[in-house]
Amino acid sequence: MGFYLNPDNDGFCQSIRSRIYVDKTGLIAYTNSCINTEQKNVCVSRPRRFGKSMALIDQKALEEYTGFTEDEVQALCERYDMDFAGTSSWYDGYMFEKFQHIYNPRSVVEAMLCGKCSNYWTSTEVYDALKIYMDMDFDGLRSDIVHMLGGGHVTINTRSFRNDMHTFETKDDVLTLLVHLGYLAYNSKKKEAFIPNKEIIEEFENAMSVSGWPEVMRVLKASEKLLEDTLRGDAQSVAEMLDRAHTEVASILTYNDENSLGCGIGLAYYSARKDYKIIREFPTGKGFADIVFLPLPHTSKPALVVELKYDKTVETVLQQIRDRQYTQALEGYSGEILLVGISYNKENKDKPHSCVIQRLVF
């Protein structure tokens, strides 16, 4: 465009001929070949931002063209000397049937050029738009959002969505729109939506900070101390803080099974995301650990293996920790591992949470 409107713009000519883009479509090379020829009148349209103009529900043959693939991001990280694990935690999370790891291309490019992973979510649409959808009065919408903030997945029906941004009849319509906008990722096989990465979590946090979510914001702000107490091995303080966190969000998130308890715990440990990769249902030697916190390369903090029990005693949690071979699942990891057992007893109204912490060194 600059070449045609500003013929003397040599800087633009230099830019379009430089290899500063990842050309997944071949359009850049084709456009360059047309300049100063009879085929020069080429019109190339682009999505206004990631997710907006590309249907993130089912891409079919266009999956790998929706964003960067894992192989492409690994190559970029090597080229720009960036940490791949950290880049993944910030921008990975979108998935399709064939390509399970799709990255937000705009943010990856910004991170590579700036040499730093941060929130580069497009400024063309501020978080006020997300806030409007989050605050819509549909039964179960707030609970689903809190579940996802805690690391959970929620089942949604995408077929009722009318493919516009104004007509909503159920919470599923709102969540489906958030998938199309890139604020949520979608697992088409399980028909589940979830928050894909740290960048998008920050967008939700920004929206909640100026909206009617004070109880959730109090839990998020207290999460830093909860992590510090956990790392110190202060089981009593951890149990007390989990009690307070549950009290804050009890009107939104009602515990009724270990999955709900896991979402609540994930929300309470919100701040851990800056130093850890958090994995729900992590495979161990025998069965699955409920939540595992794997430290990112830039931190020296220990790994956390969290076992949850709903309506059971802390002794039961301890026994399960002994029975399962957690350390085998972290083969190759050297350093401290904290085994954290958390139980929730609904009969104990005053102090429903109990906690035990064991420290292992390898």
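Colleague: Which residues does Phe204 touch, not counting residues up to four places away in sequence?

Modeller: Please bear in mind that this is a predicted model. The general idea is that in soluble globular proteins nonpolar side chains tend to be buried together. In this case, Phe204 touches Leu130, Met134, Ile145, Leu149, Tyr183, Leu184 and Ile195, when residues up to four places away in sequence are left aside.

Colleague: Which members of the largest nonpolar core touch the most other members?

Modeller: They are Leu184, Phe204 and Val216, in a core of 73 residues.

Colleague: What is found at the start of helix 6, and what just after it?

Modeller: At the start, a side-chain oxygen of Asp83 comes to within 2.6 Å of the backbone nitrogen of Gly86. Just after the helix, Gly93 adopts a positive phi of about 125°.

Colleague: Let us turn to the rings. How many aromatic pairs does a search of the whole structure find?

Modeller: The search finds six. For each pair, one reads the distance between ring centres and the angle between planes; planes over 60 degrees apart count as edge-to-face, and those under 30 as stacked. Trp121 and Tyr183 have ring centres 5.4 Å apart and planes at 45°, so this pair is tilted. Trp121 lies in the loop between helix 7 and helix 8 (127-134), and Tyr183 in the loop between helix 10 (171-180) and strand 4 (185-187), 62 residues apart. Trp121 and Tyr183 are buried.

Colleague: Why is the pair of Tyr133 and Phe168 edge-to-face?

Modeller: The planes of Tyr133 and Phe168 stand at 65°, with the ring centres 5.9 Å apart, so the pair is edge-to-face. Tyr133 belongs to helix 8, while Phe168 is in the loop between strand 3 (154-155) and helix 10, 35 residues apart. Both residues, Tyr133 and Phe168, are buried.

Colleague: Which residues form one aromatic cluster, and which residue lies over the face of Trp213?

Modeller: The cluster is formed by Tyr269, Tyr276 and Phe293. Arg142 lies over the face of Trp213, 4.1 Å from the ring centre.

Key:
Residues numbered from 1 in each chain as written. Predicted model: local features only at pLDDT ≥ 70, side-chain atom pairs only at ≥ 80, totals over all residues. Heavy atoms only, no water. Polar contact = N/O pair within 3.5 Å; in protein donor to acceptor, adjacent residues only side chain to side chain. Helix = DSSP H or I, 4+ residues; strand = E, 2+ residues; numbered from the N terminus. Core = buried A, V, L, I, M, F, W, Y, C linked by side-chain atoms within 4.5 Å. Buried < 20%, exposed > 50% of the residue type's maximum accessible area, 1.4 Å probe, protein only. Contact = heavy atoms within 4.5 Å. Phe/Tyr/Trp six-rings, centres within 6.5 Å; stacked < 30°, edge-to-face > 60°. Lys NZ or Arg CZ within 6 Å of the ring centre and 35° of its normal.
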